[in-house]
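Have the viewer open as you read.

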Amino acid sequence: MSYKLQSFDAISDPNSLATSQDGLYTTSHSSRKSGCFVSAKTGFILTFLAMATMAMVGVIVTFAVPRTNESDCNCGATQAPVVGNPDCTTPSIPTHAHPSPTTCPACPDCTVPTTHSPEMTTKTTMGSTSHSPDMTSVSTMAPEVTQSPEMAKNYRLPTSLLPIHYNVVLRPDFYDKAPANFSTPGHVKIWINCTENTKNITLHINKMTFDNSTVKVHDTNGDPVTVSIVTEDKELQFLIVHVTQDLIAGKMYIFEMNFTAALLDDLSGLYYSEFDRNGTTKYLAITQFQATHARESFPCFDEPALKATFDITLERRNNTPEYQDYISLSNMPLIDSYATDGGFIADVFDTTVVMPTYLLAFAVCDFKYLPHVTANWTMNTYASNEEYDKTEFALEVGVDILRGFEDFFEIPFVLPKLDMIAIPDFGAGAMENWGLITYRTQYMLYDPNVTTASTHRFVAVIVAHELAHMWFGNLISPQWWDDLWLNEGFASFFEYIGVNFTRPEWNILDAFAIENMHPAFGVDSYPTSRPIFATNVNSPDDIDRLFDTITYQKGASVIRMMWNFLGPETLRKGLSTYIKRKEYGNVRHQELWQALEEQASSENKIIDVQDIMDTWILQQNYPVVKVTFDNNNIRAEQSRYVIGNPSDGAPSQFNFTWTIPFTFTSSNDILYEDNEIHWIYRNQTAATFDWTNTINTNNGDWVLANVQQYGYYRVNYDESNWRALINQLRNNYMVIPCNSSQIRQNLMALVSLDSINITLALSSLDYLDQETEYVPWYAALGEIGYIRNMLLTKPIFGKFEVYMRSKLETIFGKIGFNGKVNETMNDRLLRSYIVGGACYYYNQNCTDQAVTLFNNWLDDETQLIPPDVKSRVMCTGIRESRSDTWDRLFARMASQTPSDQAIIISALGCSREHWVLERYMSYAFDDTKIRRQDARNAILAVIYNPLGRDLAWNYLQRNWNQITAEYRMSGGNINRILRGLASRLTTQFQRDELASLRGTLQADSPYLPFFDNALQDVDLNVNWVGKHYSELEAWLSIIE
């Protein structure tokens, strides 16, 4: 998405890395300017001619998909969504050019007017149902609005009509400063190509009011089409306009209407945001359309394959000093402004390229910007007047990364400008709108005096993620949301490549596995996980649930696996071909496989990409490979890694076998680069490979498989090899630096399968006293975090605390609170984790220093807290104080930077006073106290406090209806809260309470899958504690 903020979505909120309350969270978490700019007249004629001609002759284009055994399928017209065989591919959409007055190919005697029509805007009275003379009634029968009867729940639009071009005029009206009165009057005009005869126009609409008399339909000659009845299906979010005579295949029609859209603070559609400026509340209007929210701003064909061009006009007040500095922004450059009625200025934007509705974006605000002009495009970073200068870092890395991607893909960025804007209220982390990328404010700002290392790094990561979308998602888009991973998986992989373009010294590629693969394993271990390529994706709720760990992080992980077995250059060239073939069009994953296989073949690499990759994207879960060997052979046996009852999930067409790129090295011949790939095929449960060696594990020799963890699979060995690897870590961990995290993670995961004794797994932590690198500590604290969560309320937790203090003491003594000059990014990140852990486990020296730093800052804001330890310092300060200190910090929060506000949100959950935590829970659902975008993090801060878990759970149970129905918390946030809560529940009684709340939900509740996920987590916890508690108790007694 939108770069969603989850324990994955796609990377966690940076402040959760060394977060105030829970610093040790479980890690589950060319010279050419593309053909877009041909001449206006030529491009528009080509676009309409290609679409209309196809419809008139009734041609249905069928594209063969490689390696499928299906019969031919009908994709319908070029831009129509696939409604039959999902393997059907679609032809490229014609290159876009700006529409201008031209002959309509469907009716040569009429013209299609230039859609930036000043007359239309000035004659339309926004906020009323009147309209200009050129929009007078073309209907002879007054339509009526009715509610449609109950019908089958098919949320997909019919394919008989295809949008070609929109003219949208909107007036976001937030100027009377009373949010209850805010609204957005508007007008939409859509040129539609008819591909088969039909008697209705069905498009999307939501949260709007309109006068049905403004609904008009006519052909391109201007001849009216009589509207008989207008039906709105609120559940399906359809507007169905019935006409008295058939719309004829091969003809073009024009649909238009006036409407008033809601302007709320609900973080979706076109909504309002607010911030304080010197005691005055300032408002702005901004959008979030992905995945299905463009329909909340204007009536439209709101599906990713129904692409079109758009002319956007935004009207803003400019008649008082307070609003004279307001501007409007959209996807394309501003080309005209003129005065209209009521003191408003109409800003007219250039015609867009061919694009889906979800990538549109609008902003009306009084922000300032920093520019960077290149020969082919301009990049601007916008933020409030007080903060825009802090976007310099985002602009710098943005320019570097966009240039890097242009060179990498050998495809230029196709728009003349790219704006990035920081929004005070934004539900996601960021959103890749084409030409106007939106960000939550703290993820665009960098101030070296106050910004933490994790946020500094995250700004670059999130910018790279969104810029990767300019190719993956924007220039080409999935045919339907079931292939969302083609957007988000690639953006989540290439964010690392992008950051490496601009900051190679950060060594960010080394962190990929722990930040992506390990969290993906965590959620992909259940039988009820889902394939990357989703099935049964129909409703908006179905679509929203796809923005998850599987799409983002598992998707990125299997792409990285391809990067390794194809070779980086083969993948690069294959992706360039894949994009160029379908630019401005829609794709399915089969077309990706075809392009990659063709590139590999051209390099004499015989790799059946589809046969390999289908096993990774068309079934859930992943393999564990058991490795055994003698002096002549190495044997690899695959089995399904799954926790729970395997029959609980969907079956697999591959019977849960995979085609696995298997690599290995050994202590006798250590090699971590260019390892030979041995294939274990999906029709094999085991494969044996010739390998002459002298390995003797009794002498400390070892074998290590899945080198650098490029493969999306776990590895198991005989106990003797495990012990040899663990001894290597104890004796000289630097010999296997890139796989030490994998060793521990695999051991802990195998404990859950009863494949490994937990004491053997815990022995892999012995060497941590020596470890000084960020990546291994990050991974280790994640694994330890799960054990901690299981023991938090158990009698042996005190012994566990002592153990952790001893493990952290040496490294804390070395790294301390204060950084050094020219310190590396990884050393800064390491400090945040080590200080976080030391203070969490009550290292007295750490606690004392943190309290002193906190109190000094609270008394005098010029006494700055070192940025990289700020999260833990604030949490510890609140933990060791009373309610008066809590009140002071809460009062100060509003005056802090957005990134510091996020830190304070978490720190306030660290209180040890129950009534304070109860009050904080109520604040979380009060928009006057906590921003809606921050409510989830406030609740999680209380949940992650051992003293707040039960309190928060009781509050959620008592107020469930208010939270979901009145406050309207998003499903994604509900899911994150339930999973956060479940990570702390360890008893059958707690599990039964959670199940009881689930039992109160309706059968069609969108929250049911989230409860089911959480219940699976609790089941795992209860089972884990039951099996391993006594072993942990004995282990802690031995090491005490």
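Predicted model: local features only at pLDDT ≥ 70, side-chain atom pairs only at ≥ 80, totals over all residues.

Residues are numbered from 1 along each chain as its sequence is written, and side-chain values use heavy atoms, with hydrogens and water left out.

**Helix pairs**

Two packed helices are described by the angle between their axes and the distance between the axes. Here axes are lines fitted to C-alpha atoms over the stretch in contact, and angles run from 0 to 180 degrees between N-to-C directions. Helices are DSSP runs of H or I with at least four residues, strands are runs of E with at least two, and both are numbered from the N terminus.

| Pair | Angle | Axis distance |
|---|---|---|
| Helix 3 (residues 392-409) and helix 4 (residues 453-468) | about 40° | 9 Å |
| Helix 5 (residues 485-502) and helix 6 (residues 512-523) | about 170° | 11 Å |

The second pair's angle makes helix 5 roughly antiparallel to helix 6; the cut-offs are under 35 degrees for roughly parallel, over 145 for roughly antiparallel, 65 to 115 for roughly perpendicular, and oblique for the rest. In that pair, Ser492, Phe493 and Tyr496 of helix 5 meet Phe512, Glu515 and Asn516 of helix 6, where contact means heavy atoms within 4.5 Å. By class, this contact has three nonpolar, two polar and one charged residues. Ala, Val, Leu, Ile, Met, Phe, Trp, Tyr, Cys and Pro count as nonpolar, Asp, Glu, Lys and Arg as charged, and the others, Gly among them, as polar.

Back to the other pair: helix 3 and helix 4 are oblique to each other. On the helix 3 side, the residues in contact are Phe393, Ala394, Val397, Gly398, Ile401, Leu402 and Phe405, and they meet His456, Val459, Ala460, Val463, Ala464, Leu467 and Ala468 of helix 4. Sorted by class, that gives twelve nonpolar, two polar and no charged residues.

**Covered helices**

Which residues of helix 23 are buried? The list reads Ala935, Arg936, Asn937, Ala938, Ile939, Leu940, Ala941, Val942 and Ile943, with buried meaning under 20% relative accessible area, exposed over 50%, and partly exposed in between (1.4 Å probe, protein chains only). Nine of the nine residues in helix 23 (residues 935-943) are buried, so this helix is largely enclosed by the rest of the structure. Its cover includes helix 21 (898-907), helix 22 (914-924), helix 24 (949-958) and helix 26 (971-982).

Helix 13 (residues 740-752) is mostly covered too, with 13 of its 13 residues buried. After helix 13 comes Asp754, which has a positive phi near 60°.

**Single residues**

Ser328 sits in strand 15 (residues 327-330) and counts as buried at 6% relative accessibility. Its side chain makes a polar contact with that of Asp347 at 2.4 Å; such a contact is a pair of N or O atoms within 3.5 Å, and within protein one must be able to donate a hydrogen and the other to accept it, with residues adjacent in sequence counting only if both atoms are side-chain atoms.

Leu445 lies in the loop between strand 23 (436-440) and helix 4, buried at 8% relative accessible area. Leaving out residues up to four places away in sequence, Leu445 touches Glu387, Lys390, Thr391, Thr451, Val459 and Pro898.

Thr549, in helix 8 (residues 549-566), is buried at 3% relative accessibility. Thr549 and Ala520 are 29 residues apart in sequence, with 5.9 Å between their C-alpha atoms.
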